[in-house]
Amino acid sequence: MRLPDGFKEKYQKLLGEEAQPFLASFDQAVEKGFRVNPLKGAAKLHDHSIDQPISYSDWGYYGKVNGKTIDHQSGLVYSQEPSAMLVGEIAHPQPGQKVLDLCAAPGGKTTYLASFMAQEGLLVTNEINRGRAKVLTENVERFGIQNAVILNESPDRLVKKFNGYFDLIVVDAPCSGEGMFRKDPEAVEYWSLEYPEECARRQREILKSAMQLLAPNGNLVYSTCTFAPEEDEQIIAWLLENYPDLKMEPVARTENMDAGRPEWANGNPELAKAIRLFPHHFKGEGHFIAKLSNHAEAATPQPKGKRKKKGRASDISLDREQQRLWQDFANQFLVNPQSFAKDHLIVHNQRLYYQTVPVDLSGLRIVKPGLELGEFKKRRFEPSLGLLMALRKADIQQVVEITPEQWQKYVHGEEIATEAAGKGWVALAVDDIIVGPGKLVQGKVKNFYPKGLRINFALK
């Protein structure tokens with residue numbers, strides 16, 4: 001790989017004798033990885049091998065994901081670069097906590113956090129870029145997360161609703177991307193000597209908001225995919241200097257993980273508690289991770305300024321007709337029709353959502369205010385793919401088993417012939433995994449797989 005001269009000179013000075021193997025690592029192959037999804041239960045994989053486990057990850061394996069497979073499309077596996085898995089592992093939320101993934105797209109950290117939370121508590125997953133928020137939404141839905149709220153907001157606007165609220169915040173900060181040069185060679189093209197400091201300015205602004213969002217005794221996990229000290233040790237040094245109640249938390253390291261470099265910042269020995277992943281030592285791309293705890297007795301105060309009028313709530317309770325339509329569907333479709341508590345249901349743009357923890361989102365740019373159960377249409381309720389992805393086979397009254405070959409036809413948009421009796425809404429399943437909704441009518445399952453997700457196969 002042709003690296004910028006300024007980049008090579010910078011790291012030759014910083015790394016000394018280590019520079020040669022470090023720079024040579026950019027010509028090595030990219031490591032691929034994926035995780036299995038514990039929210040789906042013990043469903044077997046159809047298309048991927050778990051022969052190469054990743055030692056530091058509860059659910060990680062080396063290997064490449066094929067997107068046009070049952071495993072991927074039903075959320076059994078999630079493709080994630082091996083180094084990035086360590087961020088979720090270090091964050092390690094507990095079920096019932098209030099967690100924020102502040103810079104969440106495309107969803108690797110969010111899905112990892114959700115794996116630990118076991119559908120309990122609240123997981124707010126936020127992405128400021130609208131296009132990337134769409135990708136995040138698809139991944140959250142496919143993974144079957146019930147306790148997520150998806151927002152499209154700037155960090156400073158979140159403070160107005162969630163000041164001092166979150167037990168855990170993960171900031172996988174937008175950065176210069178030096179650690180991804182092998183994976184994304186285009187990142188080399190926009191790199192310059194000044195770019196890391198430009199990114200650092202943006203990171204400090206994001207962290208100012210994160211500190212206001214963090215609850216007393218909460219934890220902050222900061223990560224980047226860059227080697228730049230300006231965005232790594234120097235950012236953590238800045239945090240510790242400006243927020244004296246923050247303390248570095250020690251993180252377990254294996255021998256192929258490097259400690260943070262205090263000498264690359266202000267010399268504070270606490271910075272050695274951070275982790276650096278160098279590709280000439282570690283089987284993965286470049287990463288930096290630090291975990292900090294907040295020992296403040298009260299939430300960080302909001303900056304003073306002119307107060308704005310409170311935004312109108314766009315989420316409302318169900319009216320009588322909507323309650324009837326939902327309950328009729330739940331009685332026919334769910335083994336436990338009361339699975340989703342009535343007082344946790346809201347309507348947003350004629351779609352029905354379930355919130356594990358009721359939360360006021362008025363005035364915010366909402367992508368999904370909770371788990372999407374379905375849509376109210378004229379005199380009927382139509383279930384969403386998100387609902388099906390969040391359920392297991394045992395949760396559903398009528399399941400139609402299909403073969404892998406029929407699955408290809410289903411995700412292509414075709415009707416499926418079946419000998420199943422009855423009529424109405426059904427879940428389609430391959431073995432023990434739910435793959436989507438359909439409607440049984442006279443021996444055929446009408447296709448309700450979303451058009452935007454359909455896959456073209458070379459069908460026989």
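Helix α7 (residues 155-162) and helix α9 (residues 195-213) run side by side in this predicted model, with axes that come within 9 Å and cross at roughly 10 degrees. That makes α7 roughly parallel to α9, a label used for angles under 35 degrees. On the α7 side the contact (heavy atoms within 4.5 Å) is made by Pro 155, Asp 156, Leu 158, Val 159 and Phe 162, and on the α9 side by Ile 206, Ser 209, Gln 212 and Leu 213. The axes here are lines fitted to C-alpha atoms over the stretch in contact, with angles running from 0 to 180 degrees between N-to-C directions. Helices (H or I, at least four residues) and strands (E, at least two) are DSSP runs, numbered from the N terminus.

A word on the ground rules. Residues are numbered from 1 along each chain as its sequence is written. The model is predicted, so local features need pLDDT of at least 70 and side-chain atom pairs count only at pLDDT 80 or more, while totals for chains, interfaces and linings use all residues; side-chain values use heavy atoms, with hydrogens and water left out.

Next comes Ser 176, which sits in the loop between β7 (166-172) and α8 (186-189). Ser 176 is buried, at a relative accessible area of 0%, where buried means under 20% with a 1.4 Å probe and protein chains only. Its side chain makes a polar contact with the side chain of Glu 231 at 2.5 Å; such a contact is a pair of N or O atoms within 3.5 Å, one able to donate a hydrogen and the other to accept it. Leaving aside residues up to four places away in sequence, Ser 176 also touches Phe 181, Tyr 190 and Thr 226, among others.

Cys 225 is listed by UniProt, in an unreviewed entry, under "active site"; such annotations may be inferred rather than shown by experiment. Cys 225 lies in the loop between β8 (214-224) and α10 (233-242). With residues up to four places away in sequence not counted, the residues touched by Cys 225 include Cys 175, Glu 178, Met 180 and His 287.

β18 pairs with β20 (residues 424-430) in the parallel sense over 3 bridges, pairing being called when DSSP finds at least two bridges between strands. Val 399 has Ala 427 as its bridge partner in β20.

Note on methods:
Buried < 20%, exposed > 50% of the residue type's maximum accessible area, 1.4 Å probe, protein only. Parallel < 35°, antiparallel > 145°, perpendicular 65-115°, else oblique.
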